[in-house]
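I opened this notebook to keep track of what I looked up, one entry at a time. I began with backbone angles and went on to a pocket.

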Amino acid sequence: MASQLSRIMRPDDANVAGNVHGGTVLKMIEEAGAIISTRHCNSQNGERCVAALARVERTDFLSPMCIGEVAHVSGEITYTSKHSVEVQVNVMSENILTGIKKLTNKATLWYVPLSLKNVDKVLEVPPVVYSRQEQEEEGRKRYEAQKLERMETKWRNGDIIQPVMNPEPNTVSYSQSSLIHLVGPSDCTLHGFVHGGVTMKLMDEVAGIVAARHCKTNIVTASVDAINFHDKIRKGCVITISGRMTFTSNKSMEIEVLVDADPVVDNSQKRYRAASAFFTYVSLSQEGKPLPVPQLVPETEDEKKRFEEGKGRYLQMKAKRQGQAEPQA
């Protein structure tokens, strides 16, 4: 089973330099994933459901997309467990004047089917037919790995980002930013909870503000580490999307983004952590060339610890890229 979406990129999809926002691309990726997984989960007779986003694996922005280009987003179901669906999505950009197409993104998303009668009830997923036997085993390994990491992330990200008065330039406090958003009907599915793509777009927006404040240049999304959705966000909630710089290399910035939901119309439920992720940004000149990034100055013990953790993720990914490149040499 596969699905495809196509849309021309307009000025309100892009930054001042004409590059399409990473959040716009993430939102299109999630829409394609939601369509194909919801179709699959309703492909057999039984209780009707809607597929809700649980996690997005790391995705790299391989090539910039510009205003006037057409985005072609295609999704395919690659694995199903008893209660989840893995969807792999590719994004191509097409210059309709020249006909040239480029791969801009590859992403893996995980969805769970929620009952239309009770959105807190997770239903069973119809099995998918694999073209070869190894595909199921490979998918099971990916499923177990993401399940473990999602649980680990949920337990370690309970802290809150607090504002600091008169922070010094290049510190964590100087660039940290928050966005407060009231969840309205246009943000939600027909069943009253927020589209995952809407949340990701807001997360990318906050991460972009943090990056721009830190280096004061044009910035673009380079990659997004796994985005974990810990709990649903319902219509009427006030969400706070907070971002802070965690690590800088010579030419990249890692930004942690946390999403907290406050059910203001429901006194029975307290504020809770709804989603979390790490975004990586790069700084560009007016000609689109990478620029050096001002080095982050961690001040507190927690900031120094997060810096070292970010450095570990950076070195791990750098080694992985080099390992992938060596066989082609």
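Before the first entry I noted the cut-offs for accessibility: a residue is buried under 20% relative accessible area, exposed over 50%, and partly exposed in between. I also noted that the model is predicted.

Entry on Asn-170. I looked up the backbone and found that phi of Asn-170 is near 70°, which is a positive value in a residue other than glycine. I then placed Asn-170 in the loop between helix H2 (133-156) and helix H3 (172-175). With a relative accessible area of 26%, Asn-170 falls between the two cut-offs and is therefore partly exposed.

Entry on Lys-216. Here too I found a positive phi, of about 55°, although Lys-216 is not a glycine. Lys-216 sits in the loop between helix H4 (196-215) and strand E8 (218-224). Is Lys-216 buried or exposed? I read a relative accessibility of 59%, which is over 50%, so Lys-216 counts as exposed.

I turned to the second largest pocket, for which I noted a volume of about 660 Å³. This pocket is lined by 30 residues, and those closest to its centre are Ala-52, Leu-53, Ala-54, Val-112 and Lys-232. Which helices and strands each supply at least two residues of the lining? I listed helix H1 (22-41), strand E2 (49-56), strand E6 (101-115), H2 and H4. Sorting the lining of the second largest pocket by class, I wrote down 16 nonpolar, 6 polar and 8 charged residues.

Methods:
Residues numbered from 1 in each chain as written. Predicted model: local features only at pLDDT ≥ 70, side-chain atom pairs only at ≥ 80, totals over all residues. Heavy atoms only, no water. Helix = DSSP H or I, 4+ residues; strand = E, 2+ residues; numbered from the N terminus. Buried < 20%, exposed > 50% of the residue type's maximum accessible area, 1.4 Å probe, protein only. 1 Å grid on protein atoms, 1.4 Å probe; cavity = no way out; pocket = protein on both sides within 12 Å on 5 of 7 lines; lining within 4 Å. Points joined across faces, edges and corners; volume = space filled by probe spheres on them. Nonpolar A, V, L, I, M, F, W, Y, C, P; charged D, E, K, R; others polar.
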